[in-house]
Amino acid sequence: MKIEEAILFVLAERGGGMRSEQIAEVINRRRLHVRKDGQPVTSAQVYAVAMRFPDTFVKAEGRIMLMI
């Protein structure tokens, strides 16, 4: 799945906000998204993707949360 779908899935399953490091850890552990170069997803990548979709994700109190 695309990384934005993986982030959405993790946050929806969790039912609350998470730090970008935690989201990246879950995505990598469960292999929800695999980068083209085979490297693990980074917390910076999770943050960048979340900020690219302001209608879906919001950052508050150091956590990324769903807007929906």
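**Note on the predicted structure: helices, core and salt bridges**

1. In helix 3, the buried residues are Val46, Val49 and Ala50. They span an arc of only 100 degrees around the axis, which places them on the same side of helix 3. The arc is that of the directions from the helix axis to the C-beta atoms. Buried means under 20% relative accessible area, exposed means over 50%, and partly exposed lies in between (1.4 Å probe, protein chains only). Helices (H or I, at least four residues) and strands (E, at least two) are DSSP runs, numbered from the N terminus.

2. Residues are numbered from 1 along each chain as its sequence is written, and side-chain values use heavy atoms, with hydrogens and water left out.

3. The confidence values come next. pLDDT is the predictor's confidence in each residue, from 0 to 100. The protein chain has a mean pLDDT of 95, and 100% of its residues reach 70 or more. Among its elements, helix 2 has the highest mean pLDDT (98) and strand 1 the lowest (95).

4. The exposed residues Ala44 and Arg52 are carried on the face of helix 3 turned away from its buried side.

5. Tyr47 also belongs to helix 3. With a relative accessible area of 37%, Tyr47 is partly exposed. Apart from neighbours within four places in sequence, Tyr47 is in contact (heavy atoms within 4.5 Å) with Ser20, Lys59 and Ile64. Between Tyr47 and Ala6 there are 41 residues of separation in sequence and 13 Å in space, C-alpha to C-alpha.

6. Ser20, one of the contacts of Tyr47, is placed in helix 2. Is Ser20 buried or exposed? Ser20 is buried, its relative accessible area being 13%. When neighbours within four places in sequence are left aside, the contacts of Ser20 are Ser43, Val46, Tyr47 and Ile64.

7. Helix 1 comprises 12 residues (residues 3-14), and at 1.5 Å a residue it should span 16 Å; its end C-alpha atoms are 16 Å apart, which agrees. The expected span of a helix is 1.5 Å times one less than its number of residues. Helix 1 is followed by Gly15, whose phi is positive, near 80 degrees.

8. Which residues of helix 1 are buried? They are Ile3, Ala6, Ile7, Val10 and Leu11. These residues cover an arc of only 125 degrees around the axis, which puts them on the same side of helix 1. An α-helix has 3.6 residues a turn, so residues three or four places apart point the same way. The cover over the buried residues of helix 1 includes helix 2 (20-30), helix 3 (43-52), strand 1 (57-60) and strand 2 (63-66).

9. The largest nonpolar core has 17 residues, of which Ile7, Val10, Leu11, Ile23, Ile27, Val46 and Ile64 touch the most other members. At least two residues of this core come from each of helix 1, helix 2 and helix 3. Helix 1 provides the largest share, 5 residues. A nonpolar core is a set of buried Ala, Val, Leu, Ile, Met, Phe, Trp, Tyr and Cys residues joined through side-chain atoms within 4.5 Å. Not counting residues up to four places away in sequence, Ile27 touches Ala6, Ile7, Val10, Leu32, His33, Val41 and Val46.

10. How many salt bridges does a search of the whole structure find? The search finds 4, a salt bridge being a side-chain nitrogen of Lys or Arg within 4 Å of a carboxyl oxygen of Asp or Glu. One of them joins the side chains of Glu13 and Arg30 (2.4 Å, N to O). Glu13 lies in helix 1 and Arg30 in helix 2, so this pair ties together parts that are 17 residues apart in sequence. Glu13 is partly exposed at 49% relative accessible area, and Arg30 is partly exposed at 37%.

11. Another salt bridge links Glu25 with Arg29, whose closest N and O atoms are 4.0 Å apart. Both residues lie in helix 2, 4 residues apart, about one turn of the helix, and both Glu25 and Arg29 are exposed.
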